[in-house]
Number of protein chains: 2
Amino acid sequence: MIVERLPGRVTIYEVGPRDGLQNESRMVPTADKISFINQLARTGLSHVEITSFVNPRWIPQLADAVDVARGVERHPGVTFSALVPNRKGLESAVEGGMKEIAIFLSASETHNKKNVNKTIAETISAFEEVIEPARAQGIRVRAYVSTVFGCPYEGPVDPRRVAGLVTTLLGMNVFQVSLGDTIGVANPAQVERVLEIVLADVPAKDLAIHFHDTRGTALANCLVGIMMGVTTIDAAVGGLGGCPYAPGASGNLATEDVVAMLDAMGVETGVDLDKLVECSQAIAALVGHDLPSKYMKAHLGARARAACQGKS
Amino acid sequence: MIVERLPGRVTIYEVGPRDGLQNESRMVPTADKISFINQLARTGLSHVEITSFVNPRWIPQLADAVDVARGVERHPGVTFSALVPNRKGLESAVEGGMKEIAIFLSASETHNKKNVNKTIAETISAFEEVIEPARAQGIRVRAYVSTVFGCPYEGPVDPRRVAGLVTTLLGMNVFQVSLGDTIGVANPAQVERVLEIVLADVPAKDLAIHFHDTRGTALANCLVGIMMGVTTIDAAVGGLGGCPYAPGASGNLATEDVVAMLDAMGVETGVDLDKLVECSQAIAALVGHDLPSKYMKAHLGARARAACQGKS
């Protein structure tokens, strides 16, 4: 039932430097961001989303996007990506030397309007001035659909609307669409229902899943996602990205939690867990608070016990 | 695949007052334990494990077992249970007015020896002086098998050994065997493999699953467990029961996390989530530290936001 549906390999798409750090009240200094991203690029991760080229008035925490993009070491085998909302953002991304970017919209009108001040139709229309110019310069384009599993303003979201958006985006030459559970309300049965509908129209390789662990269900949701054939999972080291309104509340699915679960089930990710936890420790020190990853705490606890027993 | 395998109803077996509080460095005062258990009994939970009648030298935190058992209010529809290691413990449980008890052993010899200072065979033999005397007094007996998914001393555990122990225990007139992931190392694929082997010999209704959330996989493991037909899940409010060696590390699966996931999937538990979170808040104040439940944090964060907006 489960074991025979597991893929041999899953690609982890690390979003901590962007989806994590954009939610921190404290801005991490540019040099520290660059060190953090360089450290992530040495863990075996093949994809790291490093920043967002949005207007600094919207997300001041990532106002140093061009400097970060220019400052990070390029590694063969590691693709860096960044969010790009419009033509101006694309120019900055090119200036930063990006070879991959991501565009974004919401599956619910109200969230989309509040997020980018456009209707969904206007947002899709505006993608035209980003996608083809990017591709003409050899830049690959990914897309995020937010609020796929629920909207903070509208509540439930029709999976058929999601499927329509995914088909539209892939038709516009986006190479992959990541389905986002922006507010962390997805449950495993719902993941199955939504993916069944979306996968009726598009191949699983063109999808990624992006869960927030607000209610602790992100790993269970990922399990269903990979059983349904999706093999790209977005995650953030340490579980960076908690909501500023709820101190201690969980943010993104923690990269080490999903890598540890996949490792244990014999699904390869190519990522070194020890090195990942070192990245989480480094960024926890920089943001100045504990991170929610459970694997991280178990790992550090085990290391502390071993040290007590003189074994480490 | 998933939806059609979900049961209509799952029974939650709350173990916080025992498996949670036995791991706290601070002993919760007897009167506060009693209030906490009384509060749990008003949430809609049908089963609450309230204490352990072990030698107070082993677990001083639960030295007040008889007073707790005598002090809690009995409710129709709520069964209280308690751990009983031996004949002496049974006498105390009877003194405390218990109508259900639980015996326990490990699936791995080293853990069993360290836990109860007996071999597994000796432990089973000693059960004879507890099970039948208890049943003769109208007391139902449950059993725990610990280290089912991994032993901290021996590592992997053979599922056939687990299946053998389950069959033996059920043959001794235990009404249910709870399979414990004592150190929180189980993964979903392993849960499927172990349950396939155990369920070849015994019906699913005679089993419960008991996961610790040390690595964040407890909900994913529960999802597999219920898909395999098991309909009793052990959990502790707030995720009480973290390891004293790893500050902040996760303990038992948090009751509100599993109830919230089941609710969202349309699986009934009969438990009121708001009331559960109130119990978690109460016990967090008594133990003097944050609890790891993610649902609890999301719920309290949402309430705080609503209050800010004058909506609550």
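Q: How many residues of chain B are in contact with chain A?
A: In this predicted model, 37 residues of chain B are in contact with 38 residues of chain A.

Q: Which elements of chain B give two or more residues to that side?
A: They are four helices of chain B: H8 (188–199), H9 (218–227), H10 (255–264) and H12 (294–308).

Q: And which one gives the most?
A: H12(B) does, with 7 residues on the side of chain B that touches chain A.

Q: What is the make-up of that side by class?
A: The side of chain B that touches chain A has 22 nonpolar residues, together with 7 polar and 8 charged ones.

Q: Now the symmetry. What rotation superposes chain B on chain A?
A: A rotation of 180° does so, with 0.0 Å of shift along its axis and an RMSD of 0.0 Å. That is the relation of a two-fold axis.

Q: Which C-alpha of chain B is nearest the axis?
A: The C-alpha of B:Ala220, which lies 2.0 Å from the axis.

Q: What share of the contact residues of chain B recur in chain A?
A: The figure is 100%, and the same surface serves both copies.

Q: Let us turn to the fold. How many helices and strands does chain A have?
A: Chain A has 12 helices and 8 strands. Its radius of gyration is 18 Å, close to the 20 Å that the globule rule gives for 312 residues, so chain A is as compact as a globular protein of that length.

Q: What does the C-alpha trace span along its principal axes?
A: For chain A, the span is about 60 × 45 × 40 Å. Of the 312 residues in chain A, 54% are buried.

Q: How are the strands of chain A arranged?
A: The 8 strands close into a barrel with parallel pairing, in the order E1-E2-E3-E4-E5-E6-E7-E8. Neighbouring strands of this sheet are turned by 25° against each other on average, direction ignored.

Q: What joins E1 to E8?
A: In chain A, 4 bridges link strand E1 (residues 11–14) to strand E8 (residues 232–235), and the two run parallel. A:Ile12 stands opposite A:Ile233 in E8(A).

Q: Which strands does helix H9 of chain A touch?
A: Helix H9 (residues 218–227) of chain A packs on the sheet and touches E7 (207–211) and E8 of chain A. The direction of H9 makes about 165° with that of E7(A).

Q: Last point: what share of the contacts in chain A join residues at least 24 apart?
A: Among contacts in chain A between residues at least 6 apart in sequence, the share is 74%.

Key. Residues are numbered from 1 along each chain as its sequence is written. Chains are lettered from A and ligands numbered from 1 in the order in which they are written. This is a predicted model: local features need pLDDT of at least 70, side-chain atom pairs count only at pLDDT 80 or more; totals for chains, interfaces and linings use all residues. Copies are superposed by least squares on the C-alpha atoms of residues with pLDDT of at least 70 in both. Two residues are in contact if their C-beta atoms, placed from the backbone, lie within 7 Å. The radius of gyration is taken over C-alpha atoms; the globule rule is 2.2 Å times the number of residues to the power 0.38. A residue is buried if 20 or more other C-beta atoms lie within 10 Å of its own, exposed if 12 or fewer, and partly exposed in between; C-beta atoms are placed from the backbone. Ala, Val, Leu, Ile, Met, Phe, Trp, Tyr, Cys and Pro count as nonpolar, Asp, Glu, Lys and Arg as charged, and the others, Gly among them, as polar. Two strands pair if DSSP finds at least two bridges between them. Axes are lines fitted to C-alpha atoms, for helices over the stretch in contact, and angles run from 0 to 180 degrees between N-to-C directions.
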